[in-house]
Amino acid sequence: MARRRPAPGSAQRRPQQPAARRPAARPAARKGRRGRRALAWLAGLVAAGAVLGVGGLAAAYAVTDVPDPNELADAQISTVYFSDGQTELGTFAARNREVVGIDEVPDVVQHAVLAAEDRSFYENRGVSPTGIARAVWNNVRGGSQQGGSTITQQYVKNYYLTSERSYARKAQEFILALKIDQQQTKDETLQDYLNTVYFGRGAYGVQAAAQAYFGRDVGELDVSQAALLAAVLKAPSALDPLNDPEGAAARVDYVLDGMVSEGWLSADDRAAAGLPETVQEQREDALRGPDGYLLTTVRAELESAAGLTQEQIDRGGYRIVTTFDARAQEAAVQAVQDQLPASVPEGLQVALSAIDPATGGVRAMYGGADYLQRNRNAVTQDIAQAGSTFKPFTLVAALEQGVSLRSTYSGASPMTVDGNTFRNFGGSSYGRINLVTATANSVNTTYVQLNDEVGPEATRRVAVDAGYPADTNTLGDADTTLSNVLGTASPHPIDVTQAYATFAAQGVRNDWHTIESIDDADGTRVYTASPTQRRVFAEDVMADTTYALQQVVQQGSGRYARNLGRPAAGKTGTSSGNMSAWFAGYTPQLAASVAMYQVGESGPEKLSLGGGEVTGGSYPVRIWTSFVRAALQGVPEADFPSPSYVGSSSSSGTASTPSSTPSRTAQESPSESPTATEEPTEEPTEEASDEATEEPAEQPTGTPTSTATGSPTAPPTAPDGGGGDGGGGDSGGGGGDAEASPQADEGADAAPVP
């Protein structure tokens, strides 16, 4: 809010003050006080001149220029908005401050402040030499450093300088106060003082103070309330009536008596005034609740992308429009609340994020229930093993190398590949199936064979191209084992959403961001988002990938998402040992992921919620469906491109035996569309999930438990183990449950990793 000055007509040098503001005192008393003040001022001026040195005062006055106001005094609240530019998300502020014009401050408030801080304000020349001399004498004698400042000197200190206590600063304050008193009116000086001085309770300026102490605007204050605000200026925290009611009452009496002696308050009004009641101090933290995660993510981006400093963010008065959609954000919070049981184990974490694939703008983010209770953002700071949400990267790598969706592989379980034994979820064993069926049912053994064919390095490269940071936990260059296809890497949930947003954009990667634009306090546009945009995958490869992932929704482990009622593609993921569960998916207009994991006092714990295992096809897909349906309400339905069927089909692998090693053998004629060539020997399901119904159930079946089951796992030790929808690889030694555990990313405490 811009500082408002008095009207031009009142800006001449020291105008006559309105009678209502300065009631006449008895002429004799007034004349006597003025005479004594003049003598004291002259005596003090001599003392001040001695302090500054012979001739120093005149020389310093001549060479000293009035500086521009410092950032501290001009501090304005920066406001953060949702994507509509109208709905407020929150604020950033180093201090609670709202600028008001002098015409908005009642005379009773002005007079109370003058009675408390500077009763000679209208007569002095902006300085108090006697006060300076008294402070110097006290300091020379070894007493505590003192001020003795007029309101003009206090204004200069607050507005132009620092709070440093030194003789040099005091001398500079003296000179600047003289110049300020010459260059602006008393009303301007008092206005600026009232807008910058600290009143306690985190309130800078009289308007913020009126709200903090009384819950009303400054224009509504009565005599007693005005006197209290003036009283606390001497010691803002100590004299708060909530801390020291007796001290506050004594200081209020001093102010009221001073107003009477100066002719600003009648005796009758004085008799009726006293210590007023105040409201309880409201420490309303802007980061409370789920929105705290949004605001801290925006703050981090203001620094990293927009190049603003912390001081600029808190004091610059910026208008920040984010990419967050208010309706989508509400839908995210509501979906988590509605789909989870009323009682959940302590330490259960849910991370939901959504990205507009066309722009990379983050539309919604659920990083936790309350930032003040847990200040780690589950979306951008926590990590959890990806499970089978990683399999599409191997599918993309295969399509790029000319492998067709029609290619068939053995789905037998168990299966030994490259010396390691792998199993499907629940022990389900399939005959010969194509890649569409393998994707729909998340068949681990088929995907391990495919990864062996294309190479784990290619799978890793696709993951990075799609959106995984190259330094993702256990994704590093050394991690080129076949089990990486089963999701042994532990990304941030936002990284998974980024990757699926790249799929939704049909191979165009738009890096995620949360800020759309920034305007400064003057309304000038200083930043507009321009995220990196590049094509990383061919359109025909993406069309086939999306077709396969649509079958996950239509007939596979994510079929509950059919309740969305519009085209959708996605992938479930459940890590070995049931340590994390995912659903990542997209429509043409929105990509989103939901991750669930549990953290106890000793570290990661096995997910336990309801009567059975928590898998990607249970709570995560229900939360995802509920969220996307609400977020896209009113948005026209859009279709995905038709599959291209790139590459050539083949039949690879042999009948399943524990020692079988698959190999690519023969070509086969392409069929009209990929279908399974043999039914599984057991009912294939990655998850314990009901068939889709017309409307999703209020919550998954089963009775929620109040405490977690299972014990915390040890740190990861078997890189070949774990992963993949609970199927995991034996690695010859008993799985890798620890690989599946969510972990706190020690390197991501400060800011999200784009």
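Predicted model: local features only at pLDDT ≥ 70, side-chain atom pairs only at ≥ 80, totals over all residues.
E15 and E16 are part of an open sheet of 5 strands, arranged in the order E2-E1-E6-E15-E16 with mixed pairing. At its edges stand strand E2 (88-92) and strand E16 (525-528); each has a single partner strand, so one side of each has no neighbour in the sheet. From one strand to the next, the twist averages 15°. Helix H12 (residues 291-304) packs on this sheet and touches strand E1 (78-81), E2, E6 and E15. The direction of H12 makes about 55° with that of E2.

## The three-strand sheet

Another open sheet has 3 strands in the order E3-E5-E4, and its pairing is mixed. Strand E3 (96-97) and strand E4 (198-200) are the edge strands; because each has a single partner strand, one side of each is left without a neighbour in the sheet.

E3 and strand E5 (residues 203-204) run parallel and are joined by 2 bridges. Within this pairing, Asn96 stands opposite Ala203 in E5.

## A hairpin with a buried strand

Strand E18 (residues 569-574) pairs with strand E19 (residues 580-586) in the antiparallel sense, over 6 bridges. Ala569 has Tyr586 as its bridge partner in E19. The two strands, E18 and E19, form a hairpin with 5 residues between them. In the turn, Gly577 has a positive phi of about 80°.

Is E18 mostly covered or mostly exposed? E18 is mostly covered, with 6 of its 6 residues buried. Ala569, Lys571 and Gly573 point one way from the strand, while Gly570, Thr572 and Thr574 point the other way. Residues on both sides are buried.

## Helices

Helix H7 (residues 186-196) has 11 of its 11 residues buried, so the helix is largely enclosed by the rest of the structure. Among the buried residues of H7 are Lys186, Asp187 and Glu188, along with Leu190, Tyr193 and Leu194.

Helix H8 (residues 206-214) and helix H9 (residues 223-232) have axes that come within 11 Å and cross at roughly 110°. That angle makes H8 roughly perpendicular to H9. On the H8 side, the contact is made by Val206, Ala209, Ala210, Tyr213 and Phe214. On the H9 side, Gln225, Leu228, Leu229 and Val232 take part. The crossing of H8 and H9 is right-handed.

## Salt bridges

Side chains of opposite charge can pair when their charged atoms come close. The count of salt bridges in this model comes to 15. One of them joins Arg270 and Asp253, whose closest N and O atoms are 3.3 Å apart. Arg270 lies in helix H11 and Asp253 in helix H10, so this pair ties together parts that are 17 residues apart in sequence. Arg270 is buried, at 17% relative accessibility, whereas Asp253 is partly exposed, at 32%. Asp253, Asp257 and Arg270 are linked in a network of salt bridges.

Two further pairs link other parts of the chain. Asp325 forms a salt bridge with Arg363, with the closest N and O atoms 3.7 Å apart. Asp325 is in the loop between strand E6 (319-322) and helix H14 (326-339), and Arg363 is in strand E8 (residues 362-366), 38 residues apart. Glu400 and Arg461 meet in a salt bridge at 2.8 Å, N to O. Glu400 lies in helix H15 (residues 391-400) and Arg461 in helix H18 (residues 456-466), so the pair ties together parts 61 residues apart in sequence. Glu400 is partly exposed at 32% relative accessibility, and Arg461 is partly exposed at 34%.

## A buried tryptophan

Trp264 is found in the loop between helix H10 (245-261) and helix H11 (267-272). The relative accessible area of Trp264 is 11%, so this residue is buried. Trp264 and His111 are 153 residues apart in sequence, but their C-alpha atoms are 6.6 Å apart in space.

Terms used
Residues numbered from 1 in each chain as written. Heavy atoms only, no water. Helix = DSSP H or I, 4+ residues; strand = E, 2+ residues; numbered from the N terminus. Buried < 20%, exposed > 50% of the residue type's maximum accessible area, 1.4 Å probe, protein only. Salt bridge = Lys/Arg side-chain N within 4 Å of Asp/Glu carboxyl O. Pairing = 2+ DSSP bridges. Axes fitted to C-alpha atoms, helices over the stretch in contact; angles between N-to-C directions. Parallel < 35°, antiparallel > 145°, perpendicular 65-115°, else oblique. Left-handed = near helix turned anticlockwise from the far one by under 90°. Contact = heavy atoms within 4.5 Å.
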